[in-house]
Each structure stands twice: as structure tokens, then as C-alpha cells.
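Here is a short tour of a two-chain model. Have a look at the sequence and the structure, and then we can walk through some details together.

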Amino acid sequence: MEKLFGVEMNVLAVILAGGTIVVLLAIFLLALRNKVLLKLALRNIPRRKAQSILIVVGLMLSTTIIMSALAIGDSVSSSIRSAVLDAVGETDVRLVSPVGSRFGDDYLDASLVDRVREAVVGDERVDGVMPLIRESLPVLNELTDKTFAGTSVVGIDLASLAGFDGLKSVDGDHADLRGLTAGKTVINRTLAKKLEAEIGDDITLVAPSGRGVYRVIDIVEDKGLAGGDEEIRSAALFSVETLQGVLGREGQYNMIEVSVTGGLRVDEDDSDDLAEDLQLVFINDEAANTLFNALKSTVIIEALQAKLDAGGSVNGPFASDTLADLVVELENDAPTDEFRVAITNTITLAIIGGVIEEIGDPELAQSLLIPASQLVELQVDAIKNQGLVIAELVGGFIVALFSIFGSFSIIVGLLLIFLVFVMLAAARTTEMGIIRAVGTKRRHLVQMFAYEGIVYSIGAALLGTILGLVASVALVGIMSGLVAEDDNFSFSYNVTLQSIVVAFSLGLVLTAITVAISSYRVSKLNIVVAIRGLGQEFVQDEVPSTGRRLKTALRWLGGPLTFAVDTWREIPAGHRRWMFPVLFFTPFGFLIFVVFRIWKPERTPKILIRFWVLSMWTALVIGSVVAIVVIAADGAEDSSSAISLLPLICFMIFLWKMFKFVQPWLASGWPLLPIGALVALLGFDSEHGIQNFGVGNAALFTSGTTLIIIGAGLVLRGLLERRDYREEYQKRVSMTSIGVAMLIFWGLPFDALDGLTGRLSGGPEMFLLSGVSLVAAAVWIVMYNADVIVWVVSKMIGRFGSLRPVVKMAIAYPMAARFRTGLTLAMFSLVIFTMMIFAILTNLGNAIEDEPDLVSGGFDIRARIDAELPIDDVDAVIAASGGKLLASDFDVITRQASLRVEARQDGAEDLAFKGARVRASDATWLTTNVFELTHWDPAYGSTSADIWAYVATHPSFAVVNGGMIETGGFGGDGDPGSGPSLGLKGIKANEPGEFTGIDITIRPPVGQSVGDSVNIKVIGVLHQFADSFEFGSTDIYMSPEILDEISNKPVPFVDYKFRLADASRAEEITRVLETVFIEHGMTATAIVAEIAENQSQNEAFNQLFQGFMGLGLLVGVASLGVVSFRAVVERRQSIGMMRALGYKGRMIQIQFLMESGIVAVFGSVIGIGLGALIGWNIFLSISAEADGLTYSIPWLNVTLIVVIAVVFSLITTFIPARQASKIKPSEALRY
Amino acid sequence: MDTGPIISATGVMKTYRSRDVVVEALNDVSFEVQPGEMVAVMGPSGSGKTTLLNCMSGLDSIDGGDVAIAGQLLRTMSDDELSDYRASSMGFVFQAYNLLPVLSAQENVELPLVLAGASQREARERAAEKLELVGLGDRTDHLPAELSGGQQQRVAIARALANDPAIVWADEPTGNLDSTNASEIMDLLVRLNNERGQTFVLVTHSEDVGGMVHRIVRMRDGVVVSTSDAATARSNSSNS
């Protein structure tokens, strides 16, 4: 992988590794300064080995999760990358006809090949130009009676092998393609396997002109020219003359491929540049000039700019950049090369057309179509780069997916660090108090904890990285097992050094930061409190006066500038000021300074400190100014983003100071009300709430509301306090109200408040936010009402008389350390919550299995034939099959043709034509399918069958795929049409039922032909699942008459659907169909079996994922273990006393197990309850888009999770519990 | 009714090993305590007083000899039986009070009762009664950390008495207290001994305490060196 969340992995690795080194160096220097502290800190580690090991295990899990997520991402992207490299081989740039075969002739004459050669002659970047023919045709081996339809047959020019001659035979030798004379073929390993063919066998190629037999002279690896494509790997090579003859294309080719010097992986820039240069050669200057002059008007440029600024509808990774380039280039007087390249992007052209129509000039838009269709003679694509970009995207997506689900576990891991430190501090309060009493400073305590923590962190990061690698090997192994049945894609393990560095450093830095914060927190102890061992865990900070706080805050409003000026003034005159910049700006001087600063702070020359501060701030000021200028200059946002970090830091410091200013009043709650209200309002969308203020962000709205809830609760507490209620009562009432209010608010369905706030956008962060908030609220309620629960529990268990004393103590201890217990409970709940949600989500999709008709439309087999080998009469072929197939085998046989078109919704805001696909279906298909419609226009019928029948008889009416309408929901803005594909406005997925038909216009894609556009009316919307194996989210289903108007060539029927007399024979007939229709290259699939296979694959992936998240469970379990281990140590004396009172060893053991058990059980209850709630909300939101889902809690799965969680936590508690029970009272009581 | 000694130790041996050093904490110790007697074990630090108490009460095991409580040999009892025995018939008071920090005074006293199977109400009533007895009827809801040392020791005594045990073992009960508090606690113990006839075994090195008991057992280096006359001891105290 090269990027993680949009940041270059290289950069990330360097920054994080740098951070790690800084942390380690700082610790090292600090340790050198005071070895005693180091010794004091480190001796704790070997003293309690079991505890130390448990801590390290607990801490390492976040690193493990990060590492395995990254390694899986690496493996996915490298596997896809190698698939891409295998498929394209040495080819880097491909030139094809701009006209699709459905709209005209897509073959190229030899003269074009010569022009390409001419263009690259002497170009050092190029080491080969290969004209070739690539088609997909059926091949069979008559000897073994094996066939393979859709084989990628490649005709290569033997005279042009230079640069492409890297094929290897399966025996490892270099494959010599020069022997590919007439009647000979070279096949690849996959095809050889499919056909069971060997060298010397004869294979038959089925072509439009008839069959031909070829002798296999070599079998080669599936790479390069013999790599097939990413979908079908089977390939056969012929000489190009052979294929030209077979296809009746003498002297013609259908693509020209160019190899960039350097073998398989070449410089990406070289290949992009070459593609651009070649594109320029094949641009029609006249057409480009016409377009330039037409577009060069202020009105159009402004409209385009407005479109760019609005962002929304020019998304799509390849379009918005080119549109921006184009707008810039239009400022010139004549078309530049950049303009020419930008204008060749067809998506950009479609957007421009739409914009021109929107500003009210449809004739101009129409007139552009002619030059646009003449613009390029050859379309040039840097195909290898494009493939690699996709590999990157998919890898990144996988990492994001694993990270989002893993983030709960990471949070739990970080909470564990905090918990461990709270407990270590509690255990050492007396010791720490004494250390403080003899005169050490607070920061020494921080350091002590930090040293110890860092040692744990390093160990944890190391172990975590190793374990993460192991886990990822296992996970990838399972995943590759899952895709093993797919011949076209092999999944292999790969991990990059950067990923390892990033995982290790990120793990270390995350733990180190948490360690630092916890150390700081626990060091804030009151000496007297600590020595006397009084209960209070922390003490309050001393608060500076209001005036002083305000002054500090305001000073920072002045920004770094004031600060820098102040500091400069403080430097005494007469000092050689020029020296310091020299000293500072040499890295060596900086190092001296850092060493001084940390090692011997009292001896650091004061002037050096001032100068350091000054320089830092000067850098900040300069950086801020530069950033502002650059941002103002616009356009170069990418380069400025790094610099704009600096003013951001300044602003954040100011915010922090403002927070410190308000902080003393926060506890009273009221400042949270306005702050929360402001944040929440900012979250409204810009049409609700305050005009033009809101940004429509769900995270902001919910966080703001949460602040308001907490503020209100605190205010309530203040009121109760004034009324002189008991403190316990105040806390209970106010905190319970906060908890309950938060539960209700966060538990609402996701769109419950849309009426108030407008539709808000939210991503996966909402999942995390809502999970954490809900769990916090629930734990809050439980902890502040623990006595009620205790009462209930002891009433229940108290019936078993002998357990009563045990229950009493098992409850008393956790209740006495509420912070700790709450933290443990929260961790455990979070883990169960995540597992629960995932269990519910994976259970949602099963509706498809129950109702396969939703997907199949009542057809049993779907089949596709080769477009070059159309079927004239299906019945005739079946009749001639010699009894292999009978007409009576089939109830229904239907045909469909598909055509890529451009379409738009008439009268919509966005008039740009976007991509769509017409599925021209014969009347049989239209009238016999049982696909359900979710939306229909009542003017044309009231049932799905009515609407289909109407469409069958009325060519200008259509039904569209369910993926085309507006959705709303969890994790996305649900707005189809924002990309390069057509989306319809005004039909909402969550409001199924009647709608008024929508008019759309369909036309051939820009640049293809200037055929007529047609107007049709959409009167039905297909169910989301319908036809989902056809990848047709932009499909428009209608009768075939319309095709003749759009395309100037007949479009062949290539998709066949069969309904069988006996559905149980589907798989058998599928195989027979492929043989009988071999002359047409038919590939057929049994739909129900396909659904089942898909489902089982999904299920396996889900289980894998659940296993990954189960890592988080380990953290939760480890936390209970840590707590128990600590408890045994802390309570030694009390255990002795209890034994003296007559508690038996076993009773002590049960007490410990019960303490963990109570947390585990309550954690499970909270986790399951909240998981079911959020699962329900997610279900509501998803089913708004796709009905047919059913909500059910997979009790078996949930029970398993809970049993595993509880049993494992009891097992980890078992060892300390046993230790406790073995404590001898006489020894424990000795003092 | 059994008229024999309630506690009888014969030839008790106890050795501790720490690394290579063997310490003979108890060396052939034999002595008896009669029911209702109040005995003080005295001697310098390290003489084996606490070890003797631990061994006689069954908190610790012995390496030789025999200890019998009410005629029953501790050696023959399992750890569970010993626990039950402690719960029903013994009370302990320690120098460091050893109250359970997470329980209130009331709950600390209730604990032995709950352990013995008393109902919630019975436990509450009897615990309140015992706290009243030690003069802490108004502090029942406080946690140990919120009480003074003397108060904590009273709670500990109330807890030791909760089950009306036959024997109360007290290891340096006044060791952590100032003289006023110490004598108050001792007065309390003597009063309880007089009123209730329970047997008390006290470990102490305070001569003041020694003066208030029936009999003093003096130890040195793990050996009983003398046993003073009970009458002498108690009369001394009444004279003072």
C-alpha cells in the first residue's frame, strides 16, 4: 500500500518513526539525568512478573490490531497489483478507437500503427510498440471434449515483439513466440488446465467465419500478452495475420499497445507523460479549436467555476481535476496542450454540456457534440497506471474497514493503559507520598511512571507487531482459502516495511501518549492524602484567578506574533544576535540545545532558550503568513496544506487557553449550554437552524447536543445543592438524568431528528461516537445507581445462605473503587457492544436466501454469449442439439441487449448527461420476469406485473434499477448521481410506493456518434436486490425498439435468461447449454447456486471479521485479569483478616471470581442491550434503502460471544483468585 | 459441662526458614488456659508471642507438639473445619485493627454474623448491640478511614465479640494507641471478660496491660520462661 487515509505511507512511516525516536531519545536523556528515578521505576517490572506480562499483553493489542489491518491491506493491494501486472504485462499505454464497437467500427488501419511508431521513434521512454487484435472467442479441445467460451484470443504482430518478449513457458524457459506461424497457437496455463490440453494437441477456435484448428506449440504462464484480463485469465496467442483472417479484418488491428522502457514496473510519471504526448498526436486540432472558441466565454467559465466550487456533482476521481485544469486553460488566448488533453476526458465534456444547458443555451451544448465526436482519432490510456490506482484504492478501503471496526478495540486497549496506571498508582500511593515528602518534585513522579510505562510500551509494541504479523498471516491464509475457487484471482500474503514501521511506531506512540497522560494524572496526588492512605484518588488543580486566565487566553489571541515580539525584546542588547540563527538553524546547534534543555536545564544558556522559543515562533509566524497568502492565492491547496498546519496549531493553543479560562466554571454546567448549542447548530444543515451557518454534519450536531445534556445535568446538580439535598442524592439524580438523556438521544433512529436538523452527513466516525457515548451513558447510570443493583443482586443470590458473606465482599470491593470498576465495565461493554452489532449486521442480509426470486426474477439460469457470435434462432440451436437439450426443458427463454449510453433527468438541477446502460429486453423478458418494483407510477398500473406489461408494449416507457434513486442512510450522504453515473431525483428509497413518472433523455455517449437522443418516461423502480449479479446500478429496462434510434448499428442480444421446467436441473443444464451454444461462446450460470455460493462466501468473510474483532475481546478479558491480579496484592491483609474471621479459602476464591463475573455479566448485558438498539437503528436505516431485510438477533452467535467472554474472564481471574485463596492468614496479617 | 482447660498446648514447635537461617520461633512450648481466664502473653520483640497466638488459634500450622481447643486437636482439623471453627468460636483483635476498609463499622461487625448464617435483620441488630457495647453506637455508618485509631480498635473488638465466641485472641490490641485510648480499650476488655466470662488471650509488651489480667505468660526466644500467678496479676490491677 502506498497511502493510508490519504497520507503517503512513506511520509507516515518517516514521521512516526521520527516521533518514536524523539520519544525514546527524550526518555533516554531524562533517564541519564536521574538514574535513581529510573532504577526506582524499573525495579517494579521484574518484581511482579505475572502482572508485568499481563500488562504487556493488554497493551500490545492495539498494535496487533493496527499491524494486522495494515498487513491485510498490503496483501490485498499487492495481490490486486500483481493481478494487474500479470494482465497487462509489459504494456503500459494502450491506444484504441474512441468509437465503441456498438456505435461504429472500432478496428484500426495499419496507417495508424505507423503514425504511432513515428510518434515514438527515438523516444527513449519507449521500448516497444505492438499492434494487435484482442477478442473474446470460444475455444475447445475436441480430444478431451472441454470447452472454454470467452477465451481471450490475442493476435500479435511477430515483427513487433521487441519490448513484449518476456513470456515464460510453464517449464521456466523463455517462450519463443516466433514460431507462431499459421495453424499454430500458444496457450496459457489457465486455458491449458481448462481444456486439459498439452503441447502438441490441436485446439479449435470458434469464430464468426467458422471453426479452425490450431496446434499448441507452447504453454506459457498467465502473464503479459498471455495474461488474459482481470476477469478471465484464459488466453490463447496467435499470429495477428491468423486472427485477421479468421475475423475478416485483413490489415487491421483493434488496439496498439506501447511498452515503456524498464520492464514490468516502470516509472509511473513516464507512462502518464507518454500517454499525454501520444494523446496530443491523435487530437484533431480543428475540433479542439472549435471547442476552445465555443467555451471561451466569461459566462461559461464562470458557470464552470461555480460548478467546481459547489463540488458536489463533479466528484469522481478523474473528472474534477481535469475540469479544474480546463477552467485554468480557458484563460489563455489559444488552446494549449493542457487544454487539449483535458478536453478529451468524456466525463468532463458531459459536465460541460450540462453546465451550458443550465445557463440556458441548449443549442450551443448540442453543437459541441459534433466537434466532440471528432476530437480524438485514438483514445490513449495509461492502463497499467489506472489498474495500479485501483489496486491502491481497494487496499486502502480494506484497511479503512478493518480500522473502523478495530478502532473500538484500540480504544479499549488505550483505556486499559489508563486503568493499569490508576491501579499502579493506587498501589503505590504511600510509596509515592513518601517520595514526594522527601522532596522530589511532581514531574519526577511523572517520569517514574513514564519510564515504567515506556518499557511496557516498547515491549508491547514489539510483541504487538509480531503478533499482528502472525494474526495477519492467519487471516490472509483464511481469506485466500475463501477466494481459492476463483481461478482468476489469487490472494497472497504481502507486507511492506513501511507498514511494519507504521504499526510499530503508531502502537508505541499511542501507548506512550496514553502513558504520559496517565502518569501526569496519577502524579497529582496530595502528599498527606497519599501517606495516610485516605480514599481520595486525585486532587484538584490550583486554579489561577479569572483575570489571569483571561489575560493568558487573550494573549494567545494575539497569536504567535505578540509572543515573538515579547521574546525578542527580552534578549539583552549587545549580545551577538546574529550568532543564534546560525546556531539554531544548523541541525547540530539544535541538537546541542535539545540535549542541554533536557539534560542540564539549569545550565542551558538563558539566551539559548529565548532564542529557541523566538525562532520557533518566528517560523510559526512566517509559516502562517505564507499559508494565508497561499490559501488566498487559491488553487494550490495541496501544497499549502502542510504549511497551514502551523496557524492551525496556534489556533488550537488559543482554543485550549480559552478552555482553561472557562474550565473552572465548567463543573457548574452552564458554560456547556451555549457551547453545546453553538456546536449543535453548526451541525445543522444550512437550510435548517441558522441560515448559512450549519455545515450539516452529524458528528457536530450530536456532540453539541451531548454537551447540552451534560451541561443541563450539571446545572441540575447545582440547583439540588442549593436546596441542601444530600451530596449522594444530588449526584445520583443529576448523573442518572444525564445518562438517561444520553441513552435516549443516542438511541434514537439515525434520521429521527432529520425533520429538525435537515439531512446530516456522517461517516463511520458516527458509529464510533455513538458506541462510545452510549456505553459511557449506560456505565454512568449503572455506577451511580450501583446500590440499587447491589440490593437486587444480593437479594437474589442472598437466598443461598452460605454465599451471602461472599456476595457481600464481592460487591463491596468493586463499589469502593468506582472509577476502576466503571472503567473496566466500560471496556467490557464496548467489546461486547461491537461484537453484538457485527453479529446483528451479518445476520441482516439473509433475506436474499429466503427469497431468491428477488434477485433472480424467477429465472433459473443466466447466460451471456459472445457479441461477435450472435444467435439467430435459439429454438433452432436447441432442436439441433441432438437431444442434449429439449425444447420442453425450458419454460421461458428471454433475450436482452445492453448498450452504454448517456442519460439525464429532464428538468433536474443538474442537466449534465451521465453514464447509464440500456437493458433492451424482449417482450418475453418484460412480461415473464417476477422482479418486484418498489416504486411505480399508478397511472400505468397498480402491480409490478401491470407496469412490466405496459413497458413491454410502450417503447418509450422504462423501469430503472433501484440503485439509481435517492437513498438516505448510515455512513453516506446517499445521493446517487453525484458521480459520473445517472441518478434520479425525487424518488426516495425510504418512501416506497407510488410516484409520478419521471422524464429522462437518453443519447449516445459523447464522442461516439451524433445519433438522436430519445425521451422516455420512467414509471417503475426495481427492488434493490433485483438482477444484482449483473452489476447494473444504472440500468434502464425497456423494450428493444428504442435502440435503433440511439445506435446507428444493430445491437445484438447477448444476455439470455432461462426458466426451466424443472428448476432442480439448473446446474446440469447450465453445463449442457455451454456445450450446445459453444458456437456462440455462451457462458451460463445457475442463479440460485450462485446466490448460495455468494452467501456462504459472505458468511465466511463475516466470521473472519468477527474473529478479527475478537482480538478486542482479549483486551477486555485481559483487563479483568489485571484488575484481579492487582486486587490480590492490594488486599493481602484484608484477605488475612477475612480468613481469621472464618472465611474459607474457597470462599475467597469464589469472591474474586464473582467480582470479575459481575463486571463481565453487567458488561455483557449493557453491550447486548446497546448493540441490539444500535443494530436496530442501523437496520432501520439500511432497510430504508433496501427492503426485504429482516432484523433478528442471532442468539446462538451472541450466546457464544458472551459465554466465551465470561468464561475467558473467569479463567484469567482464576489464577489470581487461587493465589488469594492460598494466602496464609498468619503471614498476611504480619506487619 | 467440660471443666478441662479450654486451650491446651503441649510441646509446640514452630520453625521459620528464610534462606539459610532457621529460626526456632516456638521451642517446646506448653501451657493451658482455663475457660473464662484472661491471659497475657508477654515478652520482648521477637520472642515468639505472636507466633504462639497464631499457632494456638489455628491461623498458622505447627511443626511439632499439639494444640487442643476445648479438647479438640487442631492438627486433626482441615483448613475448612478450622475456618468454621474460627467463625463460630473465636474472635480476633489485631494491633493494626485490620478492619475491612470497604465496609462501614456496622458492616464490619455484621460480617462474622453473616458468615455464621445469621439473617440480615439478626445480624444488623446484634452488630448494633455490640457497637453499643463498645461505646460506638453513633458511628455505625462510618468507614474505617473516617474513624480514629481508638474508635477503629473498638470496632475491631465489637467484631471479635459479634458471635459471642468462646475465645478472643488479641494481638497487641493497644499497640497503636495512646495511653488514654489504650487504657480505655483495656478496661473494656476486662469488663467484657468479667461480665461475659469469655476467655481472652492477649499478646502485649505493655506492663500496664499485663497488670490487668488473671495470669501472665512470659516468653523469651521461643520458650515460656515463667507463668505468674493469676491472682497476683489481677489483684495488682485492682490495686492500681
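## Two loop residues of chain B

Let's begin with E172(B), which counts as buried because 21 C-beta neighbours lie inside 10 Å. For reference, a residue is buried if 20 or more other C-beta atoms lie within 10 Å of its own, exposed if 12 or fewer, and partly exposed in between, with C-beta atoms placed from the backbone. E172(B) sits in the loop between β7 and α6 (179-196) of chain B. Although E172(B) is not a glycine, it has a positive phi of about 50°.

D164(B) also has a positive phi, about 45°, and is not a glycine. Its place is the loop between α5 (149-161) and β7 (167-171) of chain B. Is D164(B) buried or exposed? With 12 C-beta neighbours inside 10 Å, D164(B) counts as exposed.

## How to read the model

This is a predicted model, in which local features need pLDDT of at least 70 and side-chain atom pairs count only at pLDDT 80 or more, while totals for chains, interfaces and linings use all residues. Residues are numbered from 1 along each chain as its sequence is written, and chains are lettered from A and ligands numbered from 1 in the order in which they are written.

## Chain B as a whole

Chain B has 8 helices and 10 strands; these are DSSP runs numbered from the N terminus, with helices being H or I of at least four residues and strands E of at least two. Of its 240 residues, 48% count as buried. Among contacts in chain B between residues at least 6 apart in sequence, 69% join residues at least 24 apart, where contact means that the C-beta atoms, placed from the backbone, lie within 7 Å.

The C-alpha atoms of chain B fill a box of roughly 45 × 45 × 45 Å along the principal axes. The radius of gyration of chain B is 18 Å, which agrees with the value near 18 Å for a compact globule of 240 residues. That radius is taken over C-alpha atoms, and the globule rule is 2.2 Å times the number of residues to the power 0.38.

## Chain A and its helices

Chain A contains 46 helices and 26 strands. Of its 1231 residues, 46% count as buried. For contacts in chain A between residues at least 6 apart in sequence, 80% join residues at least 24 apart.

In helix α9 (residues 285-295) of chain A, the buried residues include A288(A), L291(A), F292(A) and L295(A). They cover an arc of only 100° around the axis, so they lie on the same side of α9(A); the arc is that of the directions from the helix axis to the C-beta atoms. E286(A) and N293(A), on the other side of α9(A), are exposed.

## Where the two chains meet

How many residues of chain A are in contact with chain B? There are 23, and they touch 22 residues of chain B. On the chain A side, the elements that give two or more residues are α33 (804-816), α43 (1132-1141) and α46 (1225-1228). The most come from α33(A), with 6 residues.

By class, the side of chain A that touches chain B has 12 nonpolar, 7 polar and 4 charged residues. Here Ala, Val, Leu, Ile, Met, Phe, Trp, Tyr, Cys and Pro count as nonpolar, Asp, Glu, Lys and Arg as charged, and the others, Gly among them, as polar.

Definitions and conventions:
Contact = placed C-beta atoms within 7 Å.
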